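Hello,

Here is the structure I said I would pass on. My notes follow below it.

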Amino acid sequence: MSKPVAEPPDSGESRWPIRPLHLTLIGLLYLVFSLLWLLGGDRMLILWAGGATPPLLVEMLKDLLVVSAGGILLYLLLRVYGNVVRLRINQVQDLRLARIEEQARRTRDALENRVRERTAELLAINQTLEQQVAARTQVEIALSDSEERFRQLAEHIREVFWVYGIAEERLLYVSPAYEEIWGRPVQGFHERPLDWIEAVHADDRQRVHAAHVARQQLGSLDEEYRIVRPDGAIRWIRDRGFPVRDEAGYIYRIAGLAEDITAHRLAEDQLRRQQVELAQMARLRLAVELASNLAHELNQPLAAIVAYTQAGLALLRQDQADPRALTGALDAVVHQGLRAGEIIRHLRELVQKHPDARAALDLNTSLRAVVHYAQLELRQAHVVLNLELAGNLPPVLGDDIQIQLAALYLARNAIEAMQDAEEPRRLTIRTALQNSGMALVTLADTGHGFSADTADRLFQPFFSTKPGGMGLGLSVSRSIIESQGGELWATPNPDGGVSFHFILPIYGRRHE
Amino acid sequence: MNESPTVFLVDDDPAVRDAVGLLLRAGGLTVEGFANAAEFLATDAVRRPGCLVLDVRMPEMSGLDLQKKLRNDGCPMPIIFMTGHGDVPMAIRAMKAGALDFIEKPFSGERLLTRVYEALAIDARDRCRQAQREAAATRLSRLSPREREVLDRVADGQYNKTIAAELDISISTVEIHRRRAMEKLEATSIADLIRTLALANDQAAR
C-alpha cells in the first residue's frame, strides 16, 4: 500500500564543493606553507649550522605565533564557513524533509481516504450481507413453519395427499392416510412405485391408467375409481390432481388429493334405489287405482246382469212367468253385457289415446338418460355397458318419455336375462341410421338367449320366462314403439344372447 | 203401524236399481228405489218400517255418510251395503257403524234376499219394542204425581205401611192410589207393573 519515498536527486555534498576532505587538504597545505615560510630561507640554514642565536629564535617564535594565529584564524574561518555550510545543508535538508513529509502526509491522506472508502464499502457490503442473512433466516423459519404446518395437515387429513414428480416419473410423497384407505403400507411406494395402481379394481384399471398418463401432459386429473383392499373390501376413490409450476411456468410436479367417497357412493346408490322403488310404488299405486276404478265400473253391469237373471229365474220357478216381464229382464241383461264391453273398449281407447307428445328428439340423448336410470341395476348385476352411439344421427320423431320407457324396459329385460349368465356380462346399446329413413336402436345382451318356441311368443302379453315376471314388459314396449310409428323385433346373437332392435322414423322425412 | 215393510234401495246406477228391484220383488218384497241419499232423505221413508239396501260409492253423499247421518238422527233402520269394489277398511267402518252386511257386486240374489229378510225381521222386532216402550210411557204419563210416588215405592218392594209412613198418609189412602195406578197402567200383577216401568224408562232414556 505504501509507496517507498523517492530520494531527492541532489544532495548537499554534491551542491557544495567543499567537503571535509577538502578542509583537511586546506589545513595540510596551510601547515606546509606556514612551515616552509617559517623554516624557509637562511634561517633554516643558520639553524642547521648551529648558529641559533637568541635573536633568531625570538624572531622564529614570533613567526610561529603569526603562523599559529593565521592557522587559528583559518580554522575559525573554516569553522564559520562550515557552520554556514552545515546550516545551509540543514536548511536544504529540512526543506527536503518537509517536502518528503508533505508528500508522505499526502500519500497517507490518500491512503487513509481510500481505506475509509474501502471500509465504508465493506461496511455497506456487510450490512447488505447481514440483511440478506436476516431475511434468509426469516425465510427459513417461515419455511420450516410452513413445512411443519404442511406435515401436520398432510398427516392428519383423511384424504391421501400425494405429490408426483414429472422428471422423477414417480410419486415423491404420499401421506399416511394411504394406509388407512388403501390398506397398504406407505413404504410400499419406495419399493414398488406402481403399488397403488395394482390396488385399482380390474374394471377401472385401464381407465385410471389412461387418466394418469394423460395427467402428465395436462397436469390435472379428476377420476373416480374403485380399489380393492387386501382384505377384499372395495372402496370408491375420488382422485384429483393439480399442476405445480416452477418460476418459468413449467409444470414440474402434480399435487393431488385422493378421497374415500365410498360412503357417499353408497348413499347415492341408496338414494337411487329409493327413487326407483318410489317410482315403482307410484306406478303400482296408479295401477291399483286404475284397477279399482275398472273393477267398480265393470261390477255395476255385472251386478245388474246377475240380478236380472236371478230375478227371471225366480219368476220362472214361481210359475208366475209373465213373458213381458221376462223379456224386459233379458233385454236389460243384453244391455248390461254391451255396457260392460263398452267400458272395456273405452279403457283401451283411454290407454291408446295418449296425448300426442311426439316431437323431434335426439335419440342418443334419450338413450343416455336411459343408461343413467339403469346405472344402479347395471352395477348391481355386474353388467359392462358398451355405448356405440352413431355420431351423425339426425333427430327422430317420437314421444321422448314413451321411447325412454320402452328402451328402459328393454335394458332391464337384458340385465335380467344376464342375471344367471357367466361374466363378462355385456350390454351393448347401438344407434345407426338406416337408408329407409329410419333410425335403428339395438340392445344386445350376452344372456341365456331364447329358444325357437319362445321366439314366437316373446311379445305376447303375460308370457314370461322369468319367475314372478308379469310378461308385460316386451308387449308394452312393442305397443309403445308401434304407437310411435316404429317397429320392435328380436334376433338371437351368433355368440349367444339376444338383440332387441327398434326403428323410429327420422324427423321430417316420413311425417305421418 | 200395520204398514207392510218396504226395502228402500239407494243406488246411483239405474240398471242396478232396476235389476235389484226386480230381484227383490220376485222375492215377494215391496221395493222403493232412490238415485241418491238426498232423494231418500227427502221422503218420510226413514220413519216407515223396512230396511235400507245402500250402495257405498255415490256422488255427493256416500252410503257411509248416509249411514252416519241416520245413526246420528237416531234412526235404527237396518242397512245392507252393496259395493262395486270395496276395500277392507271401508267394510270394517261400515260394520262397526252397525251395518248388517257388506256385499260386493256382483252378488248372488240368494244372499241379498236372505240378508233383506233378516233385516226386515230385525226392524219389525225393533219397531214392536219401540211401540211397547211408547205405550208404557203413555200409560205412565196418565198417573197423578201422588200415584207415581206410591207406585215407585211399590216397585221398590216396600210395604203399604212403610209407604204410608214415608208419605205421611194413611194406609187406606196408599191402597187407593195403588189400585188406581194399576188400573191406569193396565197392569194385572206386580211383574206387569215392573215391566211397564222398565219400558217407559227405556223410552225416557232414548
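Of the 48 residues in the largest nonpolar core, the ones touching the most other members are A307(A), Y308(A) and A19(B). A nonpolar core here is a set of buried Ala, Val, Leu, Ile, Met, Phe, Trp, Tyr and Cys residues joined through C-beta atoms within 7 Å; buried means that 20 or more other C-beta atoms lie within 10 Å of the residue's own, with C-beta atoms placed from the backbone. Helix 9 of chain A gives this core its largest share, 9 residues (helices are DSSP runs of H or I, at least four residues, numbered from the N terminus). Apart from this core lies another, of 32 residues, including A439(A) and I503(A).

This is a predicted model: local features need pLDDT of at least 70, side-chain atom pairs count only at pLDDT 80 or more, and totals for chains, interfaces and linings use all residues. Residues are numbered from 1 along each chain as its sequence is written, while chains are lettered from A and ligands numbered from 1 in the order in which they are written.

On the interface, 19 residues of chain A are in contact with 17 residues of chain B (contact: C-beta atoms, placed from the backbone, within 7 Å). Helix 9 of chain A supplies the largest share of chain A's side, 16 residues.

In chain B, the buried residues of helix 6 (residues 145-155) are V150(B), L151(B) and V154(B). They lie on the same side of that helix because they cover an arc of only 100 degrees around the axis, taken from the directions from the helix axis to the C-beta atoms. Helix 7 (160-167) and helix 8 (171-184) of chain B are among what covers them.

Regards

How values were computed:
Two residues are in contact if their C-beta atoms, placed from the backbone, lie within 7 Å. Helices (H or I, at least four residues) and strands (E, at least two) are DSSP runs, numbered from the N terminus. A residue is buried if 20 or more other C-beta atoms lie within 10 Å of its own, exposed if 12 or fewer, and partly exposed in between; C-beta atoms are placed from the backbone.
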